[in-house]
Every structure is written in C-alpha cells, then in structure tokens.
Amino acid sequence: MTEAQRRFSYAEYDLNGDGKNEYLIGFPRNAYFCGSGGCTFYLIGHEAETITRFTVTDSPFTVLSTSTNGWRDLVVYSDGAMRKLTYDGTRY
C-alpha cells in the first residue's frame with residue numbers, strides 16, 4: 001500500500017452520554033477496505049474496545065438527537081440509501 005492508501009479518518013462523539021468519547025474510525029477508500037457498496041468503519045470505545053464494525057457503509061455518519069437503549073441513533077449511507085442505525089444494547 002502507498003502512504004495515501006494507509007490514511008484513515010476519525011471522529012469522536014460521546015454517543016452514550018457517559019462523558020467519554022467513542023471513536024468512529026474510517027479506513028481509506030481503496031480496494032483493501034472498500035467494495036462496490038461502501039467501506040469499512042469501526043466504532044471504538046474509550047478503552048479501545050470494538051463496539052461495532054460497519055461494512056458496506058460510507059461517510060458521513062450523522063449523529064441524531066434521538067437515542068435507543070441509551071446510545072444516540074446514527075444515520076449513514078449504505079448500499080445506495082440513507083440508513084438509520086440504532087443501538088441494540090450490545091452494538092449498532
């Protein structure tokens with residue numbers, strides 16, 4: 001991989017209201033991490049635990065003001081449409 005193919009993006013949000021940020025990490029747009037329907041993203045907790053691995057998604061992720069099971073709802077572009085993601089108590 002070239003240097004450009006190894007660059008990732010991230011955003012941080014407090015999605016569960018505990019005062020600590022969770023991190024949404026997006027991998028580079030290339031054949032290693034993306035397919036025809038989208039790319040891979042990870043949601044990582046403040047203690048570096050994986051909360052959810054998103055596949056076939058595309059940025060941007062939108063954090064909504066509504067919540068499900070104590071976590072903010074998300075909207076993401078996936079497989080040709082905008083999708084609302086809710087937390088099921090374990091993951092999105």
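**Contacts of Thr40 and the overall fold**

Thr40 touches Ile25, Gly26, Phe27, Phe33, Arg53, Phe54 and Thr55, leaving aside residues up to four places away in sequence. Contact here means heavy atoms within 4.5 Å. The model is predicted: local features need pLDDT of at least 70, side-chain atom pairs count only at pLDDT 80 or more, and totals for chains, interfaces and linings use all residues. Residues are numbered from 1 along each chain as its sequence is written, and side-chain values use heavy atoms, with hydrogens and water left out.

Thr40 lies in strand 4, which covers residues 38–44. Strands (E, at least two residues) and helices (H or I, at least four) are DSSP runs, numbered from the N terminus. Thr40 is buried, with a relative accessible area of 16%. Buried means under 20% relative accessible area, exposed over 50%, and partly exposed in between (1.4 Å probe, protein chains only). Thr55, one of the contacts of Thr40, is 15 residues from Thr40 in sequence. In space, the two C-alpha atoms are 4.5 Å apart.

Strand 5 spans residues 50–68 and contains Asp58. Thr57 is in strand 5 as well. Thr57 counts as buried, at 4% relative accessibility. Asp58 is also buried, with a relative accessible area of 18%. Beyond residues up to four places away in sequence, Thr57 touches Gly37, Gly38, Cys39, Phe41, Val76, Tyr77 and Ser78.

The chain has 0 helices and 7 strands. Its pattern along the sequence is β-β-β-β-β-β-β. The radius of gyration is 13 Å, close to the 12 Å that the globule rule gives for 92 residues, so the chain is as compact as a globular protein of that length. This radius is taken over C-alpha atoms, and the rule is 2.2 Å times the number of residues to the power 0.38. The C-alpha trace spans about 40 × 30 × 20 Å along its principal axes.

Of the 92 residues, 32% are buried. Among contacts with a separation of 6 or more, 23% join residues 24 or more positions apart. The chain exposes about 5700 Å², and carbon and sulfur atoms supply 48% of this area. Accessible areas come from the Shrake-Rupley method with a 1.4 Å probe; for residues, only the protein chains shown count as cover.
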